[in-house]
Amino acid sequence: MAEKTKEMMESWSFLDTVESNFRPLVVIELAKGTKEETIEWFTNRIVDKKANGGAQLLIKPLVTENGVENIYLVGASHLRLLLGAEAVGLVKECTDNSMRTFTYSSRKTFKHFADDNHNFLTMAECQYIIKHELENLRAKNEKMIPGYPQAKLYPGKSIVRRLLTSGVLVQIFPLHDREELKKLSHSWYGRVKVGYQPLDDIRCYFGETIALYFGFLEYFTFALIPMAVIGIPYYMFAWEDYDKYVMFATFNLLWSTVILEVWKRICAILTYRWGTLLMKRQFEEPRPGFHGVLGINPVTGREEPVYSSIKRQLRIYLVSLPFVCLCLYFSLYVMMIYFDLEQWALDYHKENESNFSNLMLFVPSIIYAIVIEIMNRIYRYAAEFLTSWENHRLESSYQNHLILKVLVFNFLNCFASLFYIAFVLFDMKLLRQSLATLLITSQILNQFAESLLPYWLQKRYNRKMKKRMCSKKTDADLSLAEQVNMEKEMGTYLGTFDDYLELFLQFGYVSLFSCVYPLAAVFAVLNNITEIYSDALKMCRVYKRPFAEPTANIGVWQLAFETMSVISVVTNCVLIGMSPEVDALFPDSKMDLVLTVAFVEHLLLAIKFIMAFVIPDKPRDIQMKLAKLEFESLEALKQQSIIKTGFLLHLKAQYTSVEKQQGLTFEKFERFCVQRKLVGVKEHVSL
């Protein structure tokens with residue numbers, strides 16, 4: 001144990017900050033006109049040793065024909081990356097096929113490890129380690145950023161976050177590996193094929209969060225196929241035959257439960273294989289936008305901003321909540337305007353029956369679908385501003401409040417008109433028409449706004465850049481400068497939030513009113529097939545490469561999908577209960593009809609929850625592997641406790657009256673022995 005600690009400390013101590021084979025991994029862009037003293041101080045902190053509070057990374061300026069710009073390339077030595085992998089808690093596969101947290105001292109026990117194998121860590125993992133080290137650069141005794149007295153610092157403050165908020169640091173982004181990207185693009189979307197996505201390759205290049213999204217998108221698409229296959233013959237027969245739709249709706253409700261539970265198992269398999277299922281959750285630092293009066297964190301003991309939770313709650317309940325309610329009211333007001341347009345189109349069709357009047361029947365729904373998308377996007381910006389203004393300390397808290405605001409509004413904005421048509425107007429024909437129009441129009445708009453338009457704009461910019469750079473290209477180094485200059489102008493990928501939101505709304509269209517429009521699953525499958533290719537194109541060609549973010553599941557979106565499936569049970573049961581055929585079964589008492597529908601709905605919910613309980617979230621083999629690792633961890637802790645007890649007993653034996661007379665307390669003597677690594681102590685511990 002002591003030898004391993006000694007080896008670790010020596011590795012950090014002798015780690016060199018200069019490496020002949022410099023491999024640029026991350027780009028740092030500073031604002032134009034940044035003062036020299038600021039640049040010198042920041043770069044020195046990046047290359048300085050860990051013992052001095054630095055990141056101990058490699059950095060060099062990007063040199064072009066115009067000279068040195070305010071763009072810097074960051075890399076790290078192989079040894080530094082291995083030590084960083086231990087610091088962030090990466091989990092890798094061992095030679096015995098088990099997954100364990102990587103430690104530098106036990107590096108020889110990991111599969112594919114060799115001192116000269118620089119591919120042991122993926123490029124995405126290396127960039128994640130560098131990002132982690134840069135974000136953990138903290139102020140020591142500095143009171144301000146050198147050259148910018150208005151940018152205050154205090155001990156423990158993240159330097160990178162302060163540089164970003166003060167405008168000195170423009171952006172930090174990871175570089176693409178053009179050769180690997182070319183291979184991935186070819187196997188991913190380069191050719192149209194029927195098959196699975198290369199999820200392991202996506203994970204190695206973009207990280208677990210993005211790979212898990214594409215895994216869920218692929219799984220959800222395959223899960224929709226049975227619904228689509230069954231829905232086609234239902235669509236071919238008479239719409240008003242509700243007896244058939246009872247079976248279809250029941251199948252839909254069971255299907256929605258099974259696919260979500262099976263996804264948990266698939267997610268566990270993927271994340272175990274990738275190592276993120278075992279990663280320990282790190283202590284969350286304050287988010288970059290968090291501000292407040294300087295105080296002491298009672299947990300860490302460090303100085304950091306402190307903000308009253310009462311003030312935050314007042315902002316949430318007195319400002320944010322009324323604003324959200326006002327937006328919901330406005331959404332309902334727009335919905336009523338839509339119904340006025342529907343009535344106008346219907347009256348026009350009755351007066352002028354023609355092909356044109358038939359087309360006019362769809363115009364209000366198309367306009368309303370476009371308005372819904374516009375309102376969703378505007379509200380998203382407002383929700384982000386409000387959530388940021390609420391001043392949440394943690395990023396997880398910020399994300400939870402933002403997701404709640406956005407989901408509530410999007411759910412009402414997209415589905416309120418359908419609920420109104422179904423349960424107020426009782427117009428099943430209009431419900432089918434509106435559902436089909438909203439679904440198809442939203443899919444077309446999303447494909448255009450999220451993929452086609454950004455791709456066209458980026459391709460246009462790349463052509464201009466290549467023309468300008470080709471005339472100046474003189475040596476091989478300029479290709480790197482060209483790559484950096486092209487990538488820094490690319491759009492920034494803002495995460496998987498919008499992608500999951502799109503799938504969530506699609507799941508609502510398919511499941512909420514399945515007994516009315518069974519063809520919804522067919523359109524969802526067709527959309528998702530194109531979505532896979534367009535999103536892949538977007539990740540590889542349109543946006544800057546995002547930093548990898550380890551994750552063990554799809555987070556709060558799993559709960560959102562499960563909530564939607566519960567709501568779908570209620571809506572489908574009520575829709576079936578409203579049908580003339582079911583209503584005719586209870587001619588004497590409507591109360592019997594209500595009670596019967598309520599009983600069936602509760603029965604289906606009970607079946608749903610029983611199935612969710614019976615189907616394990618993790619496969620049996622993974623449960624056994626996790627239990628084995630937990631047992632081994634407990635045994636290791638016991639051994640450490642025994643060693644520590646022996647260590648303290650030996651120290652007490654060496655703590656003689658001489659040390660007492662010199663005024664040396666036992667605590668100081670213990671620290672002295674640990675620092676000096678007394679030979680007698682080490683021999684005792686090794687025994």
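Biologist: Is Lys50 buried, exposed or partly exposed, and at what relative accessibility?

Modeller: This is a predicted model, where local features need pLDDT of at least 70, side-chain atom pairs count only at pLDDT 80 or more, and totals for chains, interfaces and linings use all residues. Numbering runs from 1 along each chain as its sequence is written, and side-chain values use heavy atoms, without hydrogens and water. Buried means under 20% relative accessible area, exposed over 50%, partly exposed in between (1.4 Å probe, protein chains only). Lys50 counts as partly exposed, at 34%.

Biologist: Which residue meets the side chain of Lys50 in a salt bridge?

Modeller: A salt bridge needs a side-chain nitrogen of Lys or Arg within 4 Å of a carboxyl oxygen of Asp or Glu. Here the N to O distance is 2.9 Å, and the partner is Glu133.

Biologist: How many residues apart in sequence are the parts tied together by Lys50 and Glu133?

Modeller: Helices (H or I, at least four residues) and strands (E, at least two) are DSSP runs, numbered from the N terminus. Lys50 lies in the loop between helix 2 and strand 2 (58-64). Glu133 lies in helix 4, so the pair ties together parts separated by 83 residues.

Biologist: Which residues are linked in a network with Arg203?

Modeller: Arg203 and Glu125 meet in a salt bridge at 3.1 Å, N to O. Both are buried. The network of salt bridges links Arg203 with Lys92, Glu125 and Glu208.
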